[in-house]
Amino acid sequence: MVAAQRFSDRHRYGEVAVPIRIRTDAPPEVRHTLLALAEGELGLRPRYLRSILCAAFRKMADPENWSEYPNMWDECRSLIDNAPWYRVYDFVELLHERLSTPPEPDKAERWQQLVNEYFVEAGVGWRMAGGHLEARGTEPLQSILDAARVSLQGEKTMTAAQEIGEAIRDLSRRPSPDLTGAVQHAMAALECTARQAVGDPRATLGEITKRSPNLFPRPIDEAISKIWGFASEVGRHLQEGRTPERAEAELTVGISAVACSYLCSKIGDDSQRSES
């Protein structure tokens, strides 16, 4: 049985988000808290948790452990203590997947909520969406990406939405993010959206910005051209030793997402004018 709603939940008190300090790691406090949340908040028994941990970590359960407390519980703690950091996040996803099946799918939603709340409080740079962990940026960046994904859900911008999704997945890859891929997909999303905005399915973004000076307000149009040049250097025509840093990749993805949302609003306005 799921525990009753906590005081902080009932009265809407929550921890202030702390700066992201954990991404390519899973310190002991994160490992133990995740296990404690699964056992304490969701009421999952050690026998069940051990089966998920063994599947996620590719380990065999100790056949000599029969009692759930303390033996199986201690085994669970040992398993999560000794796993590579990225396998800990595999466990988080696998537990959601197993909980999503009947008879108690509501526990999967609760698990996602608990994980996301804790990661914000602990400064962990991941968040769960639809049962999958993806890189969590700063709050402004996350809002930008969420807004872009909503804006690009239309039929005309489906390819761009897929590209933004791929950019986020590249930032989220474990154990190492694909920063070059994130830049490539972000610019592909912007290029697809710009093509739709000008009605030219073949033009490059560089060509579009030159031919359509009013596509973006000045001098933002110049900034978009500069970003295209930067992305070409680090994401398309790679130069030796010029791999983007994570902050650079996130900046490029964020700017591309904002620009996509802006172009979507123009596409929508143009469609409404043509129908009236």
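Trainee: Which residues of α9 are buried?

Mentor: Keep in mind that this is a predicted model. In α9 the buried residues are Leu179, Thr180, Gly181, Ala182, Val183, Ala186, Met187, Ala189, Leu190, Glu191, Thr193 and Ala194.

Trainee: And how far apart are the end C-alpha atoms of α9?

Mentor: They are 29 Å apart. Helix α9 has 20 residues, 179-198, and at 1.5 Å a residue it should span 28 Å, so the two values agree.

Trainee: What comes just after α9?

Mentor: That is Gly199, with a positive phi of about 75 degrees.

Trainee: OK, new topic. At what angle do α2 and α4 cross?

Mentor: Roughly 140 degrees, and their axes come within 9 Å. Helix α2 covers residues 28-41, and α4 covers 68-82. The two are therefore oblique to each other, and α2 passes α4 in a right-handed crossing.

Trainee: Which residues make the contact?

Mentor: From α2 you have Arg31, His32, Leu35 and Glu39. From α4 there are Tyr69, Trp73, Cys76, Arg77, Ile80, Asp81 and Asn82.

Trainee: How many of those are nonpolar, polar or charged?

Mentor: The contact of α2 with α4 has five nonpolar residues, two polar and four charged.

Trainee: Last one, Arg50. Is that buried or exposed?

Mentor: Arg50 is buried, because its relative accessible area is 10%, and the cut-off for buried is under 20%. You'll find Arg50 in helix α3, residues 46-57.

Trainee: What is Arg50 in contact with, leaving aside its neighbours within four places in sequence?

Mentor: Arg50 then contacts Ala61, Asp62, Asn65, Met72, Glu75, Cys76 and Leu79.

Terms used:
Residues numbered from 1 in each chain as written. Predicted model: local features only at pLDDT ≥ 70, side-chain atom pairs only at ≥ 80, totals over all residues. Heavy atoms only, no water. Helix = DSSP H or I, 4+ residues; strand = E, 2+ residues; numbered from the N terminus. Buried < 20%, exposed > 50% of the residue type's maximum accessible area, 1.4 Å probe, protein only. Contact = heavy atoms within 4.5 Å. Axes fitted to C-alpha atoms, helices over the stretch in contact; angles between N-to-C directions. Parallel < 35°, antiparallel > 145°, perpendicular 65-115°, else oblique. Left-handed = near helix turned anticlockwise from the far one by under 90°. Nonpolar A, V, L, I, M, F, W, Y, C, P; charged D, E, K, R; others polar. Expected span 1.5 Å × (residues − 1).
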